[in-house]
Amino acid sequence: MTSEHPDSFALLPGAHESPVILHVPHSSRAIPDAVRAGIVLDDEALERELDHITDSHTARLAAAAAERAAVRPWQFVNELSRLVVDPERFPDEREEMATVGMGAVYTRTTQGGTLRESVDPQPLISRYFHPYARSMTAAVADRLAATGRAVVIDVHSYPSRRLPYELHGDGPRPPICLGTDEFHTPSELLTAAREAFAHCGGIEVNTPFAGAYVPLDFYGKDARVGALMVEIRRDLYLEEPGGPAGPGLITLASALAALVDVWTPGQRAGH
């Protein structure tokens with residue numbers, strides 16, 4: 001399977017028999033020059049914004065988990081910053097984060113400042129968002145064809161202190177937040193995640209972030225597609241806001257690998 005824009009994202013193959021896709025949408029800081037030209041922040045301010053908005057080292061965390069898993073999962077990794085486009089936002093009026101200028105194409109920063117002046121989002125959505133969505137859809141379809149199901153585990157991180165852009169940041173900020181979907185998150189998947197991350201210092205569900213990513217072609221339609229978002233509080237593995245990874249990364253990668261192992265052949269729970 002090849003991507004339409006290999007410079008934008010990568011599908012890293014796992015075992016043919018693995019139904020699991022580790023989805024890493026927000027790990028990169030890369031911004032193409034043509035996109036950078038539309039961002040009004042100077043270089044120093046942009047680096048500060050990237051520190052706050054990037055889920056730093058989550059691609060490395062997913063790769064380490066894949067190495068440790070009994071059966072290697074697939075990895076779908078965004079190789080561009082979410083400041084280019086955010087592949088997990090709705091590209092239309094359904095997206096509630098558009099109210100703070102952070103729909104699929106951001107116009108505001110994490111602090112509420114201006115990221116872009118008036119911008120037509122459609123060229124960026126056409127160039128980056130739709131090809132990403134099509135390729136992720138194809139990756140899920142491929143796992144369904146090969147194994148009869150697909151399990152998308154979204155790998156994220158979040159700051160220990162609420163940032164101004166957060167719409168639902170008033171609740172607890174646990175070491176591990178598990179985001180679920182009523183249709184696509186079976187109880188067995190949530191239970192397995194609780195067990196895998198039990199030693200990481202505390203777990204809450206859908207706080208401060210909720211939901212799980214499923215490509216729209218399957219969303220609410222195909223129960224063979226399971227989904228769970230894993231949000232890791234950043235102080236567990238790096239010096240905030242965006243410093244180098246510490247030893248906590250390996251502990252977290254081992255926990256993520258344990259979650260992946262529940263869904264390997266012979267061990268998977270039914271939906």
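**The largest pocket**

Begin with the largest pocket, which holds about 1100 Å³ of space. A pocket here is an open set of points on a 1 Å grid over the protein atoms alone, with protein on both sides within 12 Å along at least five of seven lines, whereas a cavity is a set of points where a 1.4 Å probe fits but cannot get out; lining residues have an atom within 4 Å of a point. Grid points are joined across faces, edges and corners, and a volume is the space filled by probe spheres set on the points. To centre the view, select Glu88, Arg89, Glu95, Ala210 and Gly211, the closest to the pocket centre of the 45 residues that line the pocket. The elements that contribute two or more residues to this lining are helix 4 (122-147), strand 4 (150-158) and strand 7 (225-233), and helix 4 gives the most, with five residues. Helices (H or I, at least four residues) and strands (E, at least two) are DSSP runs, numbered from the N terminus. Colouring the lining by class shows 21 nonpolar, 10 polar and 14 charged residues, where Ala, Val, Leu, Ile, Met, Phe, Trp, Tyr, Cys and Pro count as nonpolar, Asp, Glu, Lys and Arg as charged, and the others, Gly among them, as polar.

The model is a predicted one, in which local features need pLDDT of at least 70 and side-chain atom pairs count only at pLDDT 80 or more, while totals for chains, interfaces and linings use all residues. Residues are numbered from 1 along each chain as its sequence is written, and side-chain values use heavy atoms, with hydrogens and water left out.

**Aromatic rings**

Next, select Phe9, Phe76 and Tyr132, which form one aromatic cluster. Rings of Phe, Tyr and Trp (its six-membered ring) pair if their centres lie within 6.5 Å, and planes under 30 degrees apart count as stacked, over 60 as edge-to-face and the rest as tilted. The structure has four aromatic pairs by this rule. One of them joins Phe9 and Tyr132 edge-to-face, at 5.4 Å centre to centre with 80 degrees between the planes; Phe9 lies in strand 1 (residues 9-12) and Tyr132 in helix 4, so this pair ties together parts that are 123 residues apart in sequence. The rings of Phe76 and Tyr132 are also edge-to-face, because their centres are 5.0 Å apart and their planes stand at 75 degrees. Phe76 belongs to strand 3 (residues 74-78), so its pairing with Tyr132 in helix 4 links parts 56 residues apart in sequence. Phe9 and Tyr132 are both buried, and Phe76 is buried too, at 1% relative accessibility; buried means under 20% relative accessible area, exposed over 50%, partly exposed in between (1.4 Å probe, protein chains only).

**Cysteines and a last stop**

Now select Cys177 and Cys200. The structure has zero disulfides, a disulfide being a pair of cysteine sulfur atoms within 2.5 Å. The sulfur of Cys200 lies 14 Å from the closest cysteine sulfur, in Cys177, which is too far for a bond. Cys177 is buried at 0% relative accessible area, and Cys200 is buried at 11%.

Finish at Thr251 in helix 6 (residues 248-262), which is partly exposed at 39% relative accessibility.
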